[in-house]
Amino acid sequence: MVYTLEEVEAHLAKLEGWELEEGRWIVRKFIFSNFMKGISFVDEVAAISEAFDHHPFISIDYKNVTLRLTSWDDGGITALDIKEAHQFNELFEKMRSGEKR
């Protein structure tokens, strides 16, 4: 079931860093300390995505990784997108906590 705009906004309020784009995507840019950390993140994102059988659009720009989620078959943002975004945030926090600061 596709979420309404109000439902998407309510979920995004609890989902750090994610924004609604063009009314049909949820998007977050993750910034890493170096290129290889970003690539490691993308490898893990791929594994999570395969487990969900739901795949984001991924852009890699040096140390920046941008993920875009939508449910094409349903025509908008669904619970699956929100759940997967939470998983990506957890992964990012785990990876970031392991870095030396």
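**Reading the helices of a predicted model**

Guide: The protein has 3 helices and 4 strands, and this is a predicted model. Read along the sequence, these elements follow the pattern α-β-β-α-β-β-α.

Visitor: How does the radius of gyration of the protein compare with that of a compact globule, and what box do the C-alpha atoms fill?

Guide: With 101 residues, a compact globule would have a radius of gyration near 13 Å, and the protein has 13 Å, which agrees. Taken along the principal axes, the box filled by the C-alpha atoms is roughly 40 × 25 × 20 Å. Buried residues make up 37% of the 101 residues, and among contacts with a separation of 6 or more, 63% are between residues 24 or more positions apart.

Visitor: What span should helix α3 have, given its residues?

Guide: The reasoning uses 1.5 Å a residue, so the 19 residues of helix α3, residues 79–97, should span 27 Å; the end C-alpha atoms of α3 are 27 Å apart, which agrees.

Visitor: Which residues of α3 are buried, and against which elements do they pack?

Guide: The general idea comes before the case: an α-helix has 3.6 residues a turn, so residues three or four places apart point the same way. In α3 the buried residues are Asp81, Ile82, Glu84, Ala85, Phe88, Asn89, Leu91 and Phe92. The buried residues of α3 pack against α1 (5–12), β2 (25–31), α2 (35–52) and β4 (64–69).

Visitor: At what angle do the axes of α2 and α3 cross, and which residues meet there?

Guide: The axes of α2 and α3 come within 10 Å and cross at roughly 145 degrees, and α2 passes α3 in a right-handed crossing. From α2, the residues Lys37, Ser40, Phe41, Glu44, Val45, Ile48, Ser49 and Phe52 meet Leu80, Lys83, Glu84, Gln87, Phe88, Leu91, Phe92 and Met95 of α3. Sorted by class, this contact of α2 with α3 has 9 nonpolar, 3 polar and 4 charged residues.

Visitor: Where does glycine 38 lie, and is glycine 38 buried or exposed?

Guide: Glycine 38 lies in helix α2. A residue counts as buried when its relative accessible area is under 20%; glycine 38 has a relative accessible area of 0%, and is therefore buried.

Visitor: Which residues does glycine 38 touch, and how is glycine 38 placed relative to valine 2?

Guide: Leaving aside residues up to four places away in sequence, glycine 38 touches Phe32 and Val65. Glycine 38 and valine 2 are 36 residues apart along the chain, and their C-alpha atoms are separated by 30 Å.

Notes
Residues numbered from 1 in each chain as written. Predicted model: local features only at pLDDT ≥ 70, side-chain atom pairs only at ≥ 80, totals over all residues. Heavy atoms only, no water. Helix = DSSP H or I, 4+ residues; strand = E, 2+ residues; numbered from the N terminus. Expected span 1.5 Å × (residues − 1). Buried < 20%, exposed > 50% of the residue type's maximum accessible area, 1.4 Å probe, protein only. Contact = heavy atoms within 4.5 Å. Axes fitted to C-alpha atoms, helices over the stretch in contact; angles between N-to-C directions. Left-handed = near helix turned anticlockwise from the far one by under 90°. Nonpolar A, V, L, I, M, F, W, Y, C, P; charged D, E, K, R; others polar. Rg over C-alpha atoms; globule rule 2.2 N^0.38 Å.
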